[in-house]
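Please keep the sequence and the model in view while reading.

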Amino acid sequence: MSDSSWGAPPTAGQAGYWGPTEGGPVQGAAPAGPAYDAPEAQHTRPMPIVPDVPAYGGDQDDDRGAARLNGHGPLFRDETFQDSAFQGNTFHGNTFEHDTQNPEPMPDAPQPAPAPQKKSAGRDLSAAIGVGVGLGVVIIASLFIYKAVFVGVVAVAVVVGLWELTSRLQERKAIKAPLVPLALGGAAMVVAGYVRGAEGAWVAMALTALAVLVWRMTEPPEGYLKDVTAGVFAAFYVPFLATFVAMMLTADDGSWRVLTFLLLTVVSDTGAYAVGWRFGKHRLAPRISPGKTREGLLGAVLFAMVAGALCMQFLIDGGSWWQGLLLGLAVAASATLGDLGESMIKRDLGIKDMGTLLPGHGGIMDRLDSLLPTAPVVWLLMVLFVGSA
């Protein structure tokens, strides 16, 4: 509201406009004399007639306050309309024209209740299922047709996983773990585990760590310690743990052992997801992975134990159902810890997924998170239960 229309103090030539002063005329009366007949007086707006009702705000408002008709609306056209009850209306003279193009609901009008929302899985399930089925076909075909091809599939997955991990480390933390020695050493590690067993895997791991140390020396020393530390960690986390899958494959029934390992891990993840999504109420580790629940963990254990009993009884030579129960329990624990471990890494990096290579899943590392730490657990229990041959 401008001072020229309402609220400005009287100036010379406008005495009496605001009401009586000492010895002055009554409020609203026109002052006598030529000053009122001056040309400037043609620009003075007449004082509106205010109904005899309390102004908005009650007794605390004085006679120069923002008086409103019935507590609403401006008194003059050049005032800005602020009352929320009349937003969307246009003031013309003494009337309001309602804006029918953009109507605003009255504040006290009943608002429609929001429609109940269904739980969402948070991912494209159709894409996730399609990608999962495709990967399953490739893995099973290579696993049972020619074992060496499956070792190649594992090596490729390791190299892609290393690329995702080192790329995110560089993007988010400026850590430059050398990818070339990691990729070459990681692939060699998987092959050495298949050909020479645990001894070959350890030797390849040591040589890969040494290669990381030497390769990083070709660059300036700033950040050397954090770069080589991240490189050695990546070598152990991805390819070395994956060598236990290759070592499982060397047994006479190696293909069935690997299939059991994959089935139990997938069933554990599926049980955790299904039970947690439907019944989950108590969070398992809210500071690490808010989506995981204790009910989901119970579902993972139950599903994995049942699947383990069936697999050990019918797929593994010399296996027994009670061994499968223990195997399923161990898989559920290691898969959950592996998932939480990668969630810690991603939370530290401030990312949701390690990559976007697999629609509906994220990256390769987002699928290897529970498989990698589970591989040595299954390999060890298989050796204890039915031997390594």
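Helix axes are lines fitted to C-alpha atoms over the stretch in contact, and the angle between two of them runs from 0 to 180 degrees between N-to-C directions. The model is a predicted one, in which local features need pLDDT of at least 70 and side-chain atom pairs count only at pLDDT 80 or more, whereas totals for chains, interfaces and linings use all residues. Residues are numbered from 1 along each chain as its sequence is written, and side-chain values use heavy atoms, with hydrogens and water left out.

The protein chain contains 9 helices and 4 strands, where helices (H or I, at least four residues) and strands (E, at least two) are DSSP runs numbered from the N terminus. Along the sequence these elements follow the order β-β-α-α-α-α-α-β-β-α-α-α-α. Of the 389 residues in the protein chain, 37% are buried; buried means under 20% relative accessible area, exposed over 50%, and partly exposed in between, for a 1.4 Å probe and protein chains only.

Two helix pairs may be examined in turn. Helix α7 (residues 321-349) and helix α9 (residues 371-386) pack at an angle of about 165°, with their axes 8 Å apart. The two are therefore roughly antiparallel, a term for angles over 145 degrees, while those under 35 count as roughly parallel, 65 to 115 as roughly perpendicular and the rest as oblique. The crossing of α7 and α9 is right-handed: the near helix is turned clockwise from the far one by less than a right angle, anticlockwise being left-handed. Helix α2 (residues 147-173) and α4 pack at about 160°, their axes being 10 Å apart. This angle makes α2 roughly antiparallel to α4, and their crossing is right-handed.

Helix α7 itself has 29 residues and spans 42 Å from its first C-alpha to its last, close to the 42 Å expected at 1.5 Å a residue; the expected span is 1.5 Å times one less than the number of residues. Just after α7, Gly-350 adopts a positive phi of about 75°. Ala-174, in the loop between α2 and α3 (179-216), has a phi near 60°, a positive value in a residue other than glycine.

Further along from α7, Met-354 occupies the loop between α7 and α8 (364-368). Met-247 belongs to helix α4 and is buried at 7%. Between the C-alpha atoms of Met-247 and Ser-388, 141 residues apart along the chain, the separation is 9.1 Å.

Which residues form one aromatic cluster? The members are Trp-202, Phe-236, Phe-240, Phe-244 and Trp-379. The structure holds 7 aromatic pairs, a pair being rings of Phe, Tyr or Trp (its six-membered ring) with centres within 6.5 Å; planes under 30 degrees apart count as stacked, over 60 as edge-to-face and the rest as tilted. The ring centres of Phe-236 and Phe-240 are 5.3 Å apart and their planes lie at 25°, so this pair is stacked. Phe-236 and Phe-240 are 4 residues apart in helix α4 (residues 224-249), and are therefore separated by about one helical turn. An α-helix has 3.6 residues a turn, so residues three or four places apart point the same way. Phe-236 is partly exposed at 39% relative accessible area, whereas Phe-240 is buried at 4%.
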